[in-house]
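I set out to record what I looked up in this structure, entry by entry. The sequence and the model follow.

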Amino acid sequence: MPEAILHRRPLVADLLKGRDENLLVVTGLGTPTYDVAAAGDDPRTFFLWGAMGGATMIGLGLALAQPDRRVLVLAGDGEMLMSVGSLATVAMKRPANLAVVVLDNEHFGETGMQPTPTHAGVDLAGMAAAAGWPATFTARAETDVPRLVELARRTPGPVFAVAKIMAEKLPFVLPPKDGAYLKDRFRQAVLGKA
Amino acid sequence: MAHLPVAWEDRLRLPPPAASVGHPIGSKAVPRMTAPAPAAPTWPDDIFRALKAAGVRQVCHVPDAGHARLIRSCEGDNAMQVVTLTTEEEGVAMLCGAHLGGQRGVLLVQSSGVGNCINMLSLPTTCRMPLLMIVTMRGEFGEFNPWQNAMGLATEAVLTAMQVACYRCERADEVGLVVENALRYAFEGSRPVAVLLSQRLIGAKAFVNE
């Protein structure tokens, strides 16, 4: 496989560009949370600081509850590898409004850059395709980014896309980390006053 | 089974003791002694009614025989989305998403699955979110499979350690009331709660070929 050349922060900024009230975002813990925070805080982003392996399933519950809005899960490869079973669970329900984009740097970036199984060639998009996700894609080059954005934001899903990104250590950009606050502001933004 | 009251023999649905099966060769026929077929329990219907009354829309589960009737009821209801999970912790996360999106849900699991949920329970605890788990207990009265015992013993301790309230049910006639109140605890108080349906209530799984 060629060396990854995509940078995660501008890529995430492209994925979220022009977001409106109809886009709901869930971030997997670790660097994806910081990437999305770097693109701009928003009450309709639910930032995870823990609960590793839960991002895709949070996305499913949210997508089922809000079928008229787009739900975008941005997760790392470590997060996704911990929850490969949810590839089967989501494939059974096939929510058209759910997209999962894995920011795959092939390493556990938070814990010392140990390689993950994707570094050894485990193909997450292939696993999703085999589970029955109707739209899967792996982005490797700048020329793939427009298609990745289209998949993440608009293509009927469930969409599962992997973006092969550089294993780079970037400055922390930390969003709020009080879970009850994140939950309350999300619900208020999406559902109106409680 | 002599140490159990007769009523429990019926409910446990174990095969009758060997001494009462068949009769000695050459003797005149004696009626084969079998326990009367137990009536289908109605407490799963009480749970279903409570879930409907509370507006539950998402039902996720790793199946257990004790939940089979309730799962069938939910699958037959057009207002409910039923999701079969590959592991129980998925359900904790899914119902977090449901809450973020304004829907109520319930997670149906067996006691063995509670262990799979431990770290994911940090989600409702940290984020002060409602979560209702209904747990069918194994490893209790009448258990045949000793591999169930460890998690059966640990279930309540594990949930309590993760700050999940536990409402335990021993009698069929209290199930509806307990679930109603667990729903109230979860959704009025935005906290996780588990209803533990004891194996004494459910009846032990019978390891006999039909």
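Which residues of β6(B) point one way, which the other way, and are they buried or exposed? I found that Pro192(B), Ala194(B) and Leu196(B) point one way, that Val193(B), Val195(B) and Leu197(B) point the other way, and that all are buried. A residue is buried if 20 or more other C-beta atoms lie within 10 Å of its own, exposed if 12 or fewer, and partly exposed in between, with C-beta atoms placed from the backbone.

**Basis of the entries.** I worked from a predicted model, in which local features need pLDDT of at least 70 and side-chain atom pairs count only at pLDDT 80 or more, while totals for chains, interfaces and linings use all residues. Residues are numbered from 1 along each chain as its sequence is written, and chains are lettered from A and ligands numbered from 1 in the order in which they are written.

**Chain B overall.** I noted 9 helices and 6 strands in chain B. Helices (H or I, at least four residues) and strands (E, at least two) are DSSP runs, numbered from the N terminus. Of the 210 residues of chain B, 41% count as buried. I also looked up contacts, meaning pairs of residues whose C-beta atoms, placed from the backbone, lie within 7 Å. Among those in chain B between residues at least 6 apart in sequence, 74% join residues at least 24 apart.

**The sheet of chain B.** I read the strand order as β2-β1-β3-β4-β6-β5, an open sheet of 6 strands with parallel pairing. Two strands pair if DSSP finds at least two bridges between them. β2 (81–84) and β5 (165–169) of chain B each have a single partner strand, so one side of each lacks a neighbour in the sheet. From one strand to the next, the twist averages 20°.

I then returned to β6(B), residues 192–197, which pairs with β4(B), residues 131–136, in the parallel sense over 6 bridges. Leu131(B) has Pro192(B) as its bridge partner, and Ile134(B) stands opposite Val195(B). With β5(B), β6(B) pairs in the parallel sense over 5 bridges; there, Ala165(B) has Val193(B) as its bridge partner.

I checked α4(B) as well, and this helix lies across β1 (56–61), β2, β3 and β4 of chain B, at about 175° to β3(B). Axes are lines fitted to C-alpha atoms, for helices over the stretch in contact, and angles run from 0 to 180 degrees between N-to-C directions.

**The contact between the chains.** I listed 28 residues from chain A and 27 residues from chain B in the contact. On the chain A side, α3 (55–65), α5 (85–93) and α8 (179–191) each supply at least two residues.

Gly101(B) lies in the loop between α4 (88–100) and β3 (104–110) of chain B. Why does Gly101(B) count as buried? Gly101(B) is buried because 24 other C-beta atoms lie within 10 Å. Apart from neighbours within four places in sequence, Gly101(B) is in contact with Gly61(A), Leu62(A), Ala65(A), Gln66(A) and Val190(A).

**A helix pair in chain A.** I followed α5(A) to α6 (residues 124–131) of chain A; their axes come within 9 Å and cross at roughly 40°. The contact is made by Leu87(A), Ala88(A) and Ala91(A) of α5(A) with Met127(A), Ala128(A) and Ala131(A) of α6(A).

Notes: Contact = placed C-beta atoms within 7 Å.
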